[in-house]
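Reader: I have just opened this one and would like a guided tour. Could you walk me through it as I ask?

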Amino acid sequence: MAAAAVSIAVAQVKINACGATFPEPVYEKWFSDYHKAHNDVQINYTANGSGGGVKGVTDGTVDFGASDMPMTDQELGAVKGKILHFPTVLGAVVPMYNVPGVTQELKFSGPTLAGIFLGTIKKWNDKAIAADNPGVKFPSDDIMVVHRTDSSGTTFIFTDYLSKVSPEWKSKVGAAKAVSWPTGLGGNQSAGVTGLVKQTPDSISYVELIYAIQNKIGYGLVKNKSGEFVKASMDTVSEAAAGVKMPDDFRVSITDAAGKNAYPISSFTWMLIPSHIPDANKSKQIHAFLAWMLADGQKIAPSLDFAPLPKAVVEKEQKQLTSLASLAGSAAHAAVTPPIKKGAR
């Protein structure tokens, strides 16, 4: 009995990961469901922002990270070893707002959003907002901008979009996980900004679609490249990714994508997987989870308002995973196979 207990204890594998809050709802569901089906594997995920995920894999304090922004060349160069990007799902960032007395779904063009977050559009009844929303009666109240304070992939997605639609935003602020905000209040992580908007009249911020839905906060339609005001949904996010030319390293942006019904603030989100994981058992289990994620996991995503990956992207990732598994198998074999001494028979 004692031997059996030891055997069971050895079989338990605990995998630690951290990073993006954007996909946290679907990741937590995945890790829970996977554990139910494979009770010898426990994946613990800390949602501390995309910056935290990049730092975790860079410092080697976690087994893998997660980010809504692909790692830059500079970030990849700071890591010992190679980090592979695995897209997991597609999601949307939406402008959520709390404007007393306004019950209609609001519409926002890119330049209008940029003006609001630059602080040049200061009041809700500004002519630019009114032009996007004919017939809506706005108060003359000051707009209260709310933004993320942590290093956030959601911030990158939003500022990447604004940089594509507003030359002024691109030159003054730019796109990054953390930027120097021209105006507004700061909140920590998705839960923090959602809470601030909920309790602050006349406020506006940006957040993942599921957080706005779960908290029953209004969120706006956004004007896309085709000139259409589009509401974020699985279908409109999927259309944003439909024409993507996925590079071999999977680092790509799909904000402001072409397509009549493409939602313009859409993005992939990624797991950051070290190509070499020293613990052979952890390596095996992480590869097994990724294979499950690309199959069964994709079927779960829509129930949490995330769009599944396009078929072509899944097939490309499966090839990368097969290659990664082969490398891991070769490394494990080399580790346990003693070298043949010269002259030995």
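Reader: What is the volume of the largest cavity?

Author: The largest cavity in this predicted model has a volume of about 40 Å³. A cavity here is, on a 1 Å grid over the protein atoms alone, a set of points where a 1.4 Å probe fits but cannot get out, while a pocket is an open set with protein on both sides within 12 Å along at least five of seven lines, and lining residues have an atom within 4 Å of a point. Grid points are joined across faces, edges and corners, and a volume is the space filled by probe spheres set on the points.

Reader: How many cavities of 30 Å³ or more does a search of the whole structure find?

Author: The search finds one.

Reader: Which residues line the largest cavity?

Author: Among them are Asp 68, Phe 156, Val 252, Ile 254, Ser 266 and Trp 270. Strand E12 gives the largest share of this lining, three residues, where helices (H or I, at least four residues) and strands (E, at least two) are DSSP runs numbered from the N terminus. By class, the lining of the largest cavity holds five nonpolar, four polar and two charged residues, with Ala, Val, Leu, Ile, Met, Phe, Trp, Tyr, Cys and Pro counted as nonpolar, Asp, Glu, Lys and Arg as charged, and the others, Gly among them, as polar.

Reader: And how much space lies in the largest pocket?

Author: The largest pocket holds about 260 Å³. It is lined by 16 residues, and the closest to its centre are Val 57, Gly 60, Pro 274, His 276 and Pro 278. Helix H3 (residues 50–59) contributes the most to this lining, with three residues.

Reader: Changing topic, which residues have the most contacts inside the largest nonpolar core?

Author: They are Trp 30, Leu 113, Phe 117, Trp 124, Ile 204, Phe 268 and Phe 289, in a core of 107 residues. Such a core is a set of buried Ala, Val, Leu, Ile, Met, Phe, Trp, Tyr and Cys residues joined through side-chain atoms within 4.5 Å, and buried means under 20% relative accessible area, with exposed over 50% and partly exposed in between (1.4 Å probe, protein chains only). Strand E4 (residues 83–98) supplies the largest share of this core, 10 residues.

Reader: What does Phe 117 touch?

Author: Not counting residues up to four places away in sequence, Phe 117 touches residues including Val 145, Phe 158, Trp 169, Trp 181 and Ile 204, where contact means heavy atoms within 4.5 Å.

Reader: What is the phi of Phe 250?

Author: Phe 250 has a positive phi of about 65 degrees, although it is not a glycine. Most residues other than glycine have a negative phi. Phe 250 lies in the loop between helix H11 (234–242) and strand E12 (266–274), and it counts as buried because its relative accessibility is 1%.

Reader: Is Lys 14 buried or exposed?

Author: Lys 14 counts as exposed, at 57% relative accessibility, and its place is in strand E1 (residues 13–19).

Reader: How confident is the predictor, and where is pLDDT under 50?

Author: The chain averages a pLDDT (the predictor's confidence in each residue, from 0 to 100) of 92, and 91% of the residues score at least 70. Over residues 1–10 the pLDDT stays under 50, and the model has zero contacts there beyond four places in sequence. Residues 330–345 also have a pLDDT below 50.

Terms used: Residues numbered from 1 in each chain as written. Predicted model: local features only at pLDDT ≥ 70, side-chain atom pairs only at ≥ 80, totals over all residues. Heavy atoms only, no water.
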